[in-house]
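Thank you all for coming.

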Amino acid sequence: MKIRNWMNRRKIDVSGKIRKMLKCIFSGEQLRVDDIIASSESLATRDYSASGFSSRAGEADTKVDTSNIEEAESSLRESGFLNYEEARALLGRLEYQKGNVEAALHVFEGIDIAAVAPKMKISMARKSEIPRRHSQSDAAPPMSMHAVSLLFEAIFLKAKSLQTLGRFQEAAQSCKIILDTVESALPEGLPENFAADCKLQETLSKAVELLPELCKHAWAHQEAILSYRRALLYHWNLDVETKSKIEKEFAICLLYSGSDASPPILRFQMEGSFVPRNNIEEASLLLLILLRKFALGKISWDPSILDHLSFALSVTGELKTLAHQVEELPAGIMDRKEQCSTLALCYYGDGESIVALNLLRNVLNDRENHNCIFELLLASKICGENPDCLEEGIGCAQKVISKFNGRCEQILSVANFLLGISLSAQSREISSDSQRISRQSEALEALEAAKRTSRVVDTNILFHLSLENAEQRKLDVALYYAKQLLKYEAGSSVKGWILLARILSAQKRYVDAVNIINVALDETGEWDRGELLRTKAKLQIAQGQLKNAIKTYTYLLAVLQVQSKSFRVQKKPSKSRIHFNRSLEMETWHDLSVVYTSLSQWRDAEVCLLKSEAINPHSASRWHSTGILYKARGLPKEALRSFEKALDVDPNHVPSLISMAIVIRELNDQSLPVVRSFLTDALRLDRTSPFAWYNLGLLYKAEGGTSAQEAADCFEAAALLQESIPVEPFR
């Protein structure tokens, strides 16, 4: 009972001392030496008053935050006294809470962090040790955990004060002191329930969360990335919400900061674990972790997570992965219509257009879905690229036009643009000349309507207007739109340069076309020069510069080889990019084989074909090039077998159809009906081929009699088309 009475009197005495001390701090008075050891509080008060930040006696707010008193009481109970740094920490906190940021900062700067940091480390290290029986010889920790917590809070509030004043770099340094001190004292991380009886954990969590934000405001993005990794890799005892927030902010920083982050340090990775190679992969991994947490019920749903993940996976071409994530979302998270539309975009981007179209059909056939403009436009776009669904695509576009006629010009522009593309594609499938001409006229009208109703200059509309006019041999109009395209794109699109060069080549302005390609090569990045170099080689062939063409093709193959090696080392390219590069390399070998064949360099031509076979042994164009080689060497039967194999791979390969007809006519004059069928098939697929018209004219001429007029018409068509044939097909 006596001990209990003594403890109660001691508690009252301590509380009285604290209240008296805080009252003295605010009033400017000093404590007696008998009340507080070494009069350290009077030093803090005297320094603060002399600085000019504090109010005069009687003007200060006499209301004292009871949490400060309780904090001081805890320190006094554990250590028996309140030292100079702790007094400044309390005083600074009071000033910060009152909004006197500069005054608080001045008080915090008086704390000698370098002097107290070793004591704080020792105290934390001893606190984390496994509990054991202590002997009387064991030294007590130099500081209580309440004192450590108080000083950490002072450092944190100093960082917040510096942040408020816009001194972000200094604020980040203050935050780093907290984290460095903890990591140095506890290398293995914070134990569970460490210092749960004080505010230490709360202060550490806030400091961990604040440091990356300060680095970003200081434009130190690399430091911010390192700070985020530090927050996630070290065991800070963060709660799930705080850690998830840091993971999301880190992913956003990686995606949009514009700074390339180096890969994480391997010592933090377990053996066999996935190590991100770039920003996008690391951000995707973080966002997938957040989705997993949501699926497990650890965090609430945040739609922005899926938005950021959609961007990250779209950039890397992992749209199938995104589709799987959308499909695995619990029911009710996304509206069914929105989910189907998102999945349709994913599958369409991944090349599975039929799957995407079926998803859109499900939405459009649901009577409960009334506003389906986006779905109609996407369905029209997909159908316009599929010869079997062109009529459906035209219908979807016309539905949008009928709904928005005179209402929203921008939607009308998009609908007319897609309608023009579908009509143009349909015209190429029609065998009747009158119907084909009608569809071509309608396609041009739709594209021109799209251009008129667009609020801004749409370069896609300009490109297709130029392309459609070029295919209809309206070369002057096509040239005008191609120049407009380059003007508005500022030369940023490779396809615009190539289209302009092809139009110039159709006008037999080869020198101008080569100059355009050379300018494009100067304006284009190294990895985007492939198509430009191939077009340049075709232009050189058209001018009879075969040796120069060989050099250009050789350089193109070298670029593709270096690019392939670079992709294997640096980053994973998209599937479409891999397919495009392999196709370009294969066609380049075929072109080079034809050049060597024209120079009678049979061995070199064979080597080129072997290189092509290694890429794709089942290629119609490779078998066609092989047939040309055999025909040039005087082996028509072997050439015929090669052309047959080409048609087995692709029955609609127009060059093989024409070559097949030529070889059959040379081998057997009695097979004229067979020859006619091959040539008419070729013209059905490509009405603008002068070689098909010329050989059909030779066929009619050989028949004689009433076929003479038909032969003359075919020769006339061949001559007109030859005058405007480009070095490469426009489309």
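Let me begin with a definition: a charge sits over a ring if NZ of Lys or CZ of Arg is within 6 Å of the ring centre and within 35 degrees of the ring normal. With that in mind, Lys-495 lies over the face of Phe-463, at 4.5 Å from the ring centre, and Arg-622 lies over the face of Trp-623, at 4.6 Å from the ring centre.

A word on provenance: this is a predicted model, in which local features need pLDDT of at least 70 and side-chain atom pairs count only at pLDDT 80 or more, while totals for chains, interfaces and linings use all residues. Residues are numbered from 1 along each chain as its sequence is written, and side-chain values use heavy atoms, with hydrogens and water left out.

Turning to ring pairs, the structure holds six aromatic pairs, where rings of Phe, Tyr and Trp (its six-membered ring) pair if their centres lie within 6.5 Å, and planes under 30 degrees apart count as stacked, over 60 as edge-to-face and the rest as tilted. One of the six is formed by Tyr-228 and Phe-250, which are stacked at 5.0 Å centre to centre, with 15° between the planes. This pair links distant parts of the chain, since Tyr-228 belongs to helix α10 (residues 221-233) and Phe-250 to helix α11 (residues 240-256), 22 residues apart; helices here are DSSP runs (H or I, at least four residues), numbered from the N terminus.

Finally, the lining of the largest cavity, where a cavity is a set of points on a 1 Å grid over the protein atoms alone at which a 1.4 Å probe fits but cannot get out, and lining residues have an atom within 4 Å of a point. Phe-108, Ile-111, Ile-113, Ala-154, Ile-155, Lys-158, Ser-174 and Ile-177 line the largest cavity, and α7 gives the most to this lining, with three residues.

Methods
Helices (H or I, at least four residues) and strands (E, at least two) are DSSP runs, numbered from the N terminus. On a 1 Å grid over the protein atoms alone, a cavity is a set of points where a 1.4 Å probe fits but cannot get out, and a pocket is an open set with protein on both sides within 12 Å along at least five of seven lines; lining residues have an atom within 4 Å of a point.
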